[in-house]
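Me: I have a structure open and I'm new to it. Can you walk me through the inside?

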Amino acid sequence: MTLYTPVLWFYAVMVSRVFGASVYETLVVHPAWSRKPPESFRGFVGTPVSRMNIPAFWIPVAPLYALSALAALGLAFRAGSQGVALIVSTACAVAGVAWTLVYFRPTIGRFLEAGGGNTPTERLQIGARRWIRLNWIRLGLVTISWWGA
């Protein structure tokens, strides 16, 4: 057995974990904080849902997800067994994590950690709706990544 097989299995486990957590967050967690900004921002912090410590899950999982995708793809190229599905899966994984670091994480931090701050209510509501809509696209990237693993 080559190193490629366990690395590919590790990537499959990571992408499955990310897919499941992303679906759960999209259907359960995100509606809790985005319901009616800024009140829902303030209400979400400190409630049982937010006591889950979401960053404690994502801080190690997100980089392992992207790195395992890159490792699986790199070893697949080395073994000569790369396929279109794995290439697309890796591209979606890396794009999703990069987008998270550049847009999603900083934006949710501004929303929740500051409770919206002094930003006007209408602007917060527009921002939250945009975040939720874009998250559906990110969930699509994770779904494609899961399919290709």
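Me: Which residues in the largest nonpolar core touch the most other members?
Reply: They are Tyr-11, Val-18, Trp-58, Tyr-65 and Leu-86, out of 21 residues in that core. A nonpolar core is a set of buried Ala, Val, Leu, Ile, Met, Phe, Trp, Tyr and Cys residues joined through side-chain atoms within 4.5 Å. Buried means under 20% relative accessible area, exposed over 50%, and partly exposed in between, with a 1.4 Å probe and protein chains only.
Reply: Keep in mind that this is a predicted model: local features need pLDDT of at least 70, side-chain atom pairs count only at pLDDT 80 or more, and totals for chains, interfaces and linings use all residues. Residues are numbered from 1 along each chain as its sequence is written, and side-chain values use heavy atoms, with hydrogens and water left out.

Me: Which element supplies the largest share of this core?
Reply: α3, with 10 residues. Helices are DSSP runs (H or I, at least four residues), as are strands (E, at least two), numbered from the N terminus.

Me: How many of the lining residues are nonpolar, polar and charged?
Reply: The lining has 20 nonpolar, 10 polar and four charged residues. Ala, Val, Leu, Ile, Met, Phe, Trp, Tyr, Cys and Pro count as nonpolar, Asp, Glu, Lys and Arg as charged, and the others, Gly among them, as polar.

Me: And the second largest pocket, what is its volume?
Reply: About 200 Å³. α5 supplies the largest share of its lining, five residues.

Me: New topic. How many aromatic pairs are there in the whole structure?
Reply: A search finds 10. Rings of Phe, Tyr and Trp (its six-membered ring) pair if their centres lie within 6.5 Å; planes under 30 degrees apart count as stacked, over 60 as edge-to-face and the rest as tilted.
Reply: Phe-19 and Trp-146 are stacked, 4.6 Å centre to centre with 10 degrees between the planes. Phe-19 lies in helix α1 and Trp-146 in helix α5, so the pair ties together parts 127 residues apart in sequence.

Me: Is Trp-146 buried, exposed or partly exposed?
Reply: Trp-146 is partly exposed, at 39% relative accessible area. Phe-104 and Trp-131 form an edge-to-face pair, 5.2 Å centre to centre and 85 degrees between the planes. Both Phe-104 and Trp-131 are buried.

Terms used:
On a 1 Å grid over the protein atoms alone, a cavity is a set of points where a 1.4 Å probe fits but cannot get out, and a pocket is an open set with protein on both sides within 12 Å along at least five of seven lines; lining residues have an atom within 4 Å of a point. Grid points are joined across faces, edges and corners, and a volume is the space filled by probe spheres set on the points.
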